[in-house]
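Dear colleague,

Here is the structure I promised to pass on to you. Please open it beside this message, and then read on for what was found in it.

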Amino acid sequence: KGEFLQLSDSKQMAYKIAWNRMDKIKYKEIQALTVLDLRNLVEGLTYYPARDVKQVLSHLFKLAGADRWVDKSLPSYIVLPKLEEKEREPFTVKEQEALWKLWEQGDKDAAIPLIMIYTGMMPGELRKLAVNMIDFNKGEINGIGIKTEVRRKSAIYLAKDIIPVLQEITTGKVGIIYPWTKDTFYKIYYAVLERAGCRKLQPYSCRHTTATALAVDNRVAPQTVKKIMRWASTKMLDRYAHPDVSDAKEAIEKINRKA
């Protein structure tokens, strides 16, 4: 009922999952635990699940230390596995065209990746999108941001090409547009990609596609990209925009001999 409730919904869920991984030690007295007990908890886990377990344990040991049950922070001896994270790739132009073709053929679920690509919306935001959040007159979506204060306070601006898609999927609807579980949402998303003949890119690749289209393909100023993507800093461009060799070669040609 303390610090936990101040965390984001996604972080609370991550820590609940971490706690459920601790069945082997849940009912042991904390002062009886050993370094080996804690290290065994993360054995076989990848980086992020292991990190969550370590963070939950660190907090529990901190509280126990304040009450003088323990005098050492054993979780600091947990060695996390190596982080092996591949850079997310954006959808290619051909893949986006394939998604549009699927939509035009009447596949309503094709709206899911298209909306995320054309708005920069996160999958968690699309899952909470309600009809009354969309203002078609202003071309904005409000009250949908998650995870950061900047996103919670910022509007999503709608490109004209995606407005008809949103209008069609909201016709006759009230409340949440996609009232599905997370698993169902992801299952439908990946099925759409398969039907369109796209690579099996994660939903966050849609957001990377937005940033790349703005910063690389259309040379939009970093400060403007920051506002559209609802970032706190333009440094996020390093993670989200994906220029390739041809972009670099085209850019270098702009440095030319002056007459």
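In this predicted model, the axes of helix α5 (residues 111-119) and helix α10 (residues 204-217) come within 7 Å and cross at roughly 35 degrees, and the crossing in which α5 passes α10 is right-handed. On the α5 side the contact is made by Pro113, Met116, Ile117 and Thr119, which meet Cys206, Thr209 and Thr210 of α10.

Another place to look at is Glu95, which lies in helix α4 (residues 93-104). Glu95 counts as buried because its relative accessible area is 8%, and buried means under 20%. Its side chain reaches the backbone nitrogen of Thr92 at 2.9 Å, and it also makes a polar contact with the side chain of Arg199 at 2.8 Å. Apart from neighbours within four places in sequence, Glu95 is in contact with Pro90, Cys198, Arg199 and Leu201.

Finally, there are the aromatic rings, for which the count comes to nine pairs. The rings of Tyr178 and Phe185 have centres 6.5 Å apart and planes at 70 degrees, so this pair is edge-to-face, and both residues are buried. Trp180 and Phe185 form a tilted pair, with 6.4 Å from centre to centre and 50 degrees between the planes. Phe185 has a relative accessibility of 0%, whereas Trp180 is partly exposed at 27%.

Technical notes. Residues numbered from 1 in each chain as written. Predicted model: local features only at pLDDT ≥ 70, side-chain atom pairs only at ≥ 80, totals over all residues. Heavy atoms only, no water. Axes fitted to C-alpha atoms, helices over the stretch in contact; angles between N-to-C directions. Helix = DSSP H or I, 4+ residues; strand = E, 2+ residues; numbered from the N terminus. Left-handed = near helix turned anticlockwise from the far one by under 90°. Contact = heavy atoms within 4.5 Å. Buried < 20%, exposed > 50% of the residue type's maximum accessible area, 1.4 Å probe, protein only. Polar contact = N/O pair within 3.5 Å; in protein donor to acceptor, adjacent residues only side chain to side chain. Phe/Tyr/Trp six-rings, centres within 6.5 Å; stacked < 30°, edge-to-face > 60°.
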